[in-house]
Amino acid sequence: MSAVTRWARETFGAVAGRLTEIIPACLVEAHSRARHGQEGVHTQTLEAYGHGLHAAQYETLAAGLAPLEEAVARRLQGRTVMVVGNNVIYPIRYAKKDVPVTAARLRKAVGFRADLIRRHGPEPMQQALDLGLEELDEQHVHPDIALLSPELRLVIVAYACSMDRGVMRAEWGSAELRREDRYLIWHHHEPLLPPPADPRAA
C-alpha cells in the first residue's frame, strides 16, 4: 500500500488507507464487468461497454465500501452513491484515453452531476458576476440534490478508462465546475493509481 497523503488523512481520517486500496480495485472490477458484457453481446459499437461501465462503477463502489463502518449508501438518480464520513464519493469517467485529469469536463453544464458539484464541491476560486443566476439555479436544481445534507462535501473519483486498455488513470480530489466550458477546475487532486509508465523509459 502506498503512503496515505495528508489530504486523504485530513479528509477521511483513519479509513483513508483502506479507501486508497478499495476504490481503485472497484474501478478495475467495474471495467472487467463492462468488458465481459460487451464481449457477450458481440456488437460492433461499444454501447454495451459504456452503459455497463456507467452502472458498474456505482455498484462496485457500493459493494466495496459497504463493509466500512463509516460508509452509508444513498440512492440518487436511480444509483447507489456512497457517503463516507462527511464526504460523497462520486465516480466520473472523464476520458477514454490516457490524458491528465485536468482535461476532465462534463458533457452538460446542467443536470444532476453539475448540480452536485456546484452544491457540494468547493467554493469557486473566482466568483461569477451576479446576474441573478443563483436564484435561477435554485429554481432548477435537480430534486435528488435535496436528499443530501448540505454539509456533505463532494470527493470526485475521476478516471480514464477504455475497453481495450482498462483503467489507465484514477485520481480523487475536489473540483468546481466552470460553467462556460464545463471543465472541472481542481482545487486538489492526487493519484489513486501509480502514474502511467513513460514509454520513453522502456
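**Cores, strands and charged pairs in a predicted model**

Of the 32 residues that make up the largest nonpolar core, those touching the most other members are Phe-12, Leu-19, Ile-23, Leu-65, Val-84 and Trp-172. At least two residues of this core are supplied by each of α1 (6-12), α2 (16-41), α3 (47-65), β2, β4 and β5. Helix α2 provides the largest share, eight residues. A second, separate core holds 28 residues, including Tyr-58, Leu-154, Ala-160 and Trp-186. In soluble globular proteins, nonpolar side chains tend to be buried together. The coordinates described here are those of a predicted model.

Phe-12, one of the core residues named above, illustrates the contacts made there. Apart from neighbours within four places in sequence, Phe-12 is in contact with Trp-7, Leu-19, Val-84, Asn-87, Ile-89, Val-155 and Trp-172. Among these partners, Leu-19, Val-84 and Trp-172 are also listed with Phe-12 as touching the most other core members.

The protein comprises five helices and six strands. From the N terminus, these elements follow the order α-α-α-β-β-β-α-α-β-β-β. Of its 202 residues, 42% count as buried. Among contacts between residues at least 6 apart in sequence, 63% join residues at least 24 apart.

Strands β5 (residues 166-177) and β6 (residues 184-191) are paired in the antiparallel sense, with seven bridges between them. Leu-177 stands opposite Leu-184 of β6. The two strands form a hairpin, and six residues lie between them. Arg-182, located in the loop between β5 and β6, has a positive phi near 70° and is a residue other than glycine. Arg-182 counts as partly exposed because its relative accessibility is 24%. A positive phi is also found at Gln-77, where the value is about 55° although the residue is not a glycine. Gln-77 belongs to the loop between β1 (71-76) and β2 (79-84). With a relative accessibility of 43%, Gln-77 is likewise classed as partly exposed.

Glu-171, in strand β5, is buried yet has no salt bridge. The nearest side chain of opposite charge is that of Arg-169, 4.8 Å away. A polar contact of 2.6 Å instead joins the side chains of Glu-171 and His-189. Beyond residues up to four places away in sequence, Glu-171 touches Val-101, Ile-156, Val-157, Ala-158, His-189, Glu-190, Pro-191 and Leu-192. Ser-162 is placed in strand β4 (residues 153-162) and is buried, its relative accessible area being 11%. The side chain of Ser-162 reaches the backbone nitrogen of Arg-165 at a distance of 3.0 Å. With residues up to four places away in sequence left out, Ser-162 touches His-31, Tyr-49, Arg-93, Lys-96 and Met-168.

Side chains of opposite charge can pair when their charged atoms come close. Five salt bridges are present in the structure. One of them joins Asp-98 to Arg-169, with the closest N and O atoms 2.4 Å apart. This pair links distant parts of the chain, since Asp-98 lies in the loop between β3 (87-95) and α4 (112-120) and Arg-169 in strand β5, 71 residues apart. Asp-98 is partly exposed, with a relative accessible area of 27%, and Arg-169 is partly exposed at 22%.

Other salt bridges lie within helices. In helix α1, Glu-10 and Arg-6 are four residues apart, about one turn of the helix. Glu-10 forms a salt bridge with Arg-6, in which the closest N and O atoms are 2.9 Å apart. Glu-10 counts as exposed because its relative accessibility is 56%, and Arg-6 counts as exposed at 66%. In helix α4, Arg-118 and Asp-115 are separated by about one helical turn because they are three residues apart. Their side chains meet in a salt bridge with an N to O distance of 3.5 Å. Within this pair, Arg-118 is partly exposed, with a relative accessible area of 27%, whereas Asp-115 is buried, with a value of 10%.

Key: Residues numbered from 1 in each chain as written. Predicted model: local features only at pLDDT ≥ 70, side-chain atom pairs only at ≥ 80, totals over all residues. Heavy atoms only, no water. Pairing = 2+ DSSP bridges. Buried < 20%, exposed > 50% of the residue type's maximum accessible area, 1.4 Å probe, protein only. Polar contact = N/O pair within 3.5 Å; in protein donor to acceptor, adjacent residues only side chain to side chain. Contact = heavy atoms within 4.5 Å. Lys, Arg positive; Asp, Glu negative; His and termini not counted. Salt bridge = Lys/Arg side-chain N within 4 Å of Asp/Glu carboxyl O. Core = buried A, V, L, I, M, F, W, Y, C linked by side-chain atoms within 4.5 Å.
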